[in-house]
Amino acid sequence: MQGHLDSELTELGISQVRRAAPALARFDPVRLISSDLSRAARSAEEIGLVCGLPVKLDARLRETHLGDWQGLTPEQVDLDWPGALATWRSDPTWSPPGGESRVAVAARARPLVDELDAEFASDPPSTVLLCAHGGLITALSCALLGLELASWTSLGGMGNANWVTLQRRSPPGSRWRMTGYNAGVLD
């Protein structure tokens, strides 16, 4: 359970993102923004090479801070905090000891999306690619879609180098619409 631990992207991860990059480039993004954690930033660099875009780092896209659980396996968490992992997985308002809830993660990242939305509001439709982490992507998607908290745990986890696509509904200011979830390239 990594959370904010800053680990490097593995060789497998590099291979996965290199396979995904051409598919992501087909979205024709105008901007590429990444979490500042190394594993996401390196992924964004690989995507940026294919898209011809520089990468801007933003700490608001970091993964969920797992507090005392960071660096532990789920089995270790269950041993030291019996039942807490199940509670965390079922309640988006609950946070690990010293960590963040999924609601807090979405609240941290939402201002970035709002800033981008305002910046591009008068332009023709544009794609901005955010390179982040599974927990953040899922929580932010739920918040942008306006899902009831009880529904947040309905979305499954994200595969490595997979993505979510969201489009703003017309007129501007209305809710977002999900057009793809956990999409990726086949091996």
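A salt bridge here is a side-chain nitrogen of Lys or Arg within 4 Å of a carboxyl oxygen of Asp or Glu, and the structure holds nine of them. This is a predicted model, where local features need pLDDT of at least 70 and side-chain atom pairs count only at pLDDT 80 or more, while totals for chains, interfaces and linings use all residues. Residues are numbered from 1 along each chain as its sequence is written, and side-chain values use heavy atoms, with hydrogens and water left out.

View 1. Helices are DSSP runs of H or I with at least four residues, strands are runs of E with at least two, and both are numbered from the N terminus. Among the buried ones are L136, I137, L140, L144 and L145, along with C142. What do they pack against? The buried residues of α6 pack against helix α5 (102-119) and strands β4 (163-168) and β5 (176-183), contact being heavy atoms within 4.5 Å. Just past the end of α6, G146 takes a positive phi of about 70°.

**View 2. The R42 and E46 pair in helix α2.** Both residues belong to α2 (residues 38-51) and lie four residues apart, about one turn of the helix. R42 counts as partly exposed because its relative accessibility is 27%, whereas E46, at 9%, counts as buried.

**View 3. R110 and D114 in helix α5.** Here the closest N and O atoms of the salt bridge are 3.1 Å apart. The two residues are four apart in the helix, so about one helical turn separates them. R110 has 28% relative accessibility and counts as partly exposed; D114, at 36%, is partly exposed too. Back at the R42 and E46 pair, salt bridges that share partners join R18, R42 and E46 into one network.

**View 4. R108 and E100, a buried pair.** The salt bridge between R108 and E100 brings their closest N and O atoms to 2.7 Å. R108 counts as buried because its relative accessibility is 18%, and E100 is buried with a relative accessible area of 16%.

Conventions:
Buried < 20%, exposed > 50% of the residue type's maximum accessible area, 1.4 Å probe, protein only.
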